[in-house]
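Dear colleague,

Please find below the structure that I am handing over to you. My findings follow directly after it.

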Amino acid sequence: MPAITRRSLVPLAAGLGTAASAATAAAPAWPNQAVRFICPFAAGGPTDVAARLVAESLTGLLPQRVLVENRTGSGVVVGTEAVAKSPADGYTILYSTIAHAVLRPLFSNLNFDPVADFQPVALVGVVPMLLMVNNAVPARDLQQLIAMFRDKPNQYTYGSSGAGGAVHLATELFLQQAGKLKVNHIPYRGSAPAMPDLLNGNLTMFLNVASDGIASVQRGTTRGLAVSSTERLPQLPDVPTFAEAGLPGYEAYTWHMLFAPANTPPEIVNQLNEAVNKVTRQPALLQRFRDLSIQARSDSTPASATAWLQAEMSKWEPLVRAANITVQ
């Protein structure tokens with residue numbers, strides 16, 4: 001057997017290097033085809049609008065288009081499951097909200113695991129809630145509303161955009177923290193059909209996503225009593241925060257996050273994360289987000305997004321169980 005010398009290793013190493021370079025060149029760079037955002041919410045709704053703004057901005061940054069596909073059904077289950085069972089190649093991404101954090105207590109027979117089957121990519125933004133009442137309600141501030149609910153339990157109503165959604169969760173948290181108040185829940189199929197009933201007096205209160213309620217408060221067709229942000233909204237400078245209104249411990253919001261299927265290569269997850277952080281710093285997108293009352297996040301990492309999701313699940317899952325919230 002011939003001896004292996006330093007000289008004989010040179011062509012061998014060169015050959016291995018050439019092979020490695022060829023393998024690297026053969027691996028297609030991501031993305032080399034269109035990326036799909038699966039949005040498990042209806043087209044035209046606030047989540048869909050935000051998803052399309054992010055997709056449009058990413059299309060201008062990445063070498064391929066980013067498209068939004070709406071897949072609704074069973075709340076967010078149908079669209080979320082579609083992503084969970086998609087190839088982990090970075091081309092099918094879930095654009096979802098706080099709804100992801102309460103899937104386990106709401107649905108006992110899921111065909112996927114909201115944690116194990118997903119890799120959080122980036123927290124896109126946080127959206128505060130706005131508490132509104134119809135103009136016939138005598139309460140002029142939050143404390144008067146709380147006193148009204150306390151004095152006549154189960155005599156008043158509140159609306160939500162659906163059982164187990166962000167609006168329902170935020171309202172139940174408010175009622176619990178304000179003294180375990182008893183107010184009748186009326187769920188709707190989205191926020192849009194609830195607003196007419198608030199205007200005509202069939203609903204007493206609607207603690208809605210701020211972007212959906214600002215216009216009615218500005219027009220004076222509803223009365224805003226509090227916002228869940230840490231500071232007052234620039235669009236509604238006269239509406240106090242919950243802390244200013246006398247409920248300092250209250251914190252509720254919805255949020256937008258991108259999720260990849262579990263086992264998506266880390267380099268793809270990191271590349272998409274960096275791209276999202278870049279576009280959420282762009283002045284044009286920031287302004288559109290402000291118009292929607294979305295507080296953009298541009299410093300999220302996959303690790304911090306994962307930690308955020310875990311904290312949200314720890315916060316909301318016990319509330320869902322304690323309030324016996326179910327999805328019909």
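A residue is called exposed when its relative accessible area is over 50%, and buried when that area is under 20%. Please also bear in mind that this is a predicted model.

I begin with Ala43, to which the definition applies. Ala43 has a relative accessible area of 56%, so this residue counts as exposed. Ala43 sits in the loop that links strand 1 (35–39) to helix 2. Leaving aside residues up to four places away in sequence, Ala43 is in contact with Asp48 and Asn70. The C-alpha atoms of Ala43 and Thr72 lie 9.2 Å apart in space, while 29 residues separate the two in sequence.

Helix 2 covers residues 46–59 and helix 10 covers residues 283–291; their axes come within 11 Å and cross at roughly 180°. Because an angle over 145 degrees counts as roughly antiparallel, helix 2 is roughly antiparallel to helix 10. On the side of helix 2, the contact is formed by Ala50, Leu53, Val54 and Ser57, and on the side of helix 10 by Leu285, Arg288 and Phe289.

How are helix 6 and helix 11 oriented to each other, roughly parallel or roughly perpendicular? Helix 6 (residues 166–177) packs against helix 11 (residues 302–322) at an angle of about 75°, and their axes are 11 Å apart. Angles from 65 to 115 degrees count as roughly perpendicular, and helix 6 and helix 11 are therefore roughly perpendicular to each other. Helix 6 contributes Leu169, Ala170, Glu172, Leu173 and Gln176 to this contact, where they meet Lys315, Trp316, Leu319 and Val320 of helix 11.

I turn now to the chain as a whole. The protein chain contains 11 helices and 10 strands, and its C-alpha trace spans about 95 × 40 × 30 Å along the principal axes. Of its 328 residues, 50% are buried. Considering contacts between residues at least 6 apart in sequence, 78% join residues that are at least 24 apart.

As for the surface, the protein chain exposes about 15300 Å², of which carbon and sulfur atoms supply 53%. The chain carries 24 positive and 22 negative side chains, and the centres of these two sets are 2 Å apart.

With kind regards

Key:
Residues are numbered from 1 along each chain as its sequence is written. This is a predicted model: local features need pLDDT of at least 70, side-chain atom pairs count only at pLDDT 80 or more; totals for chains, interfaces and linings use all residues. Side-chain values use heavy atoms; hydrogens and water are left out. Helices (H or I, at least four residues) and strands (E, at least two) are DSSP runs, numbered from the N terminus. Buried means under 20% relative accessible area, exposed over 50%, partly exposed in between (1.4 Å probe, protein chains only). Contact means heavy atoms within 4.5 Å. Accessible areas come from the Shrake-Rupley method with a 1.4 Å probe; for residues, only the protein chains shown count as cover. Lys and Arg count as positive and Asp and Glu as negative; His and the chain ends are not counted. The place of a charge is taken as NZ of Lys, CZ of Arg, CG of Asp or CD of Glu. Axes are lines fitted to C-alpha atoms, for helices over the stretch in contact, and angles run from 0 to 180 degrees between N-to-C directions. Angles under 35 degrees count as roughly parallel, over 145 as roughly antiparallel, 65 to 115 as roughly perpendicular and the rest as oblique.
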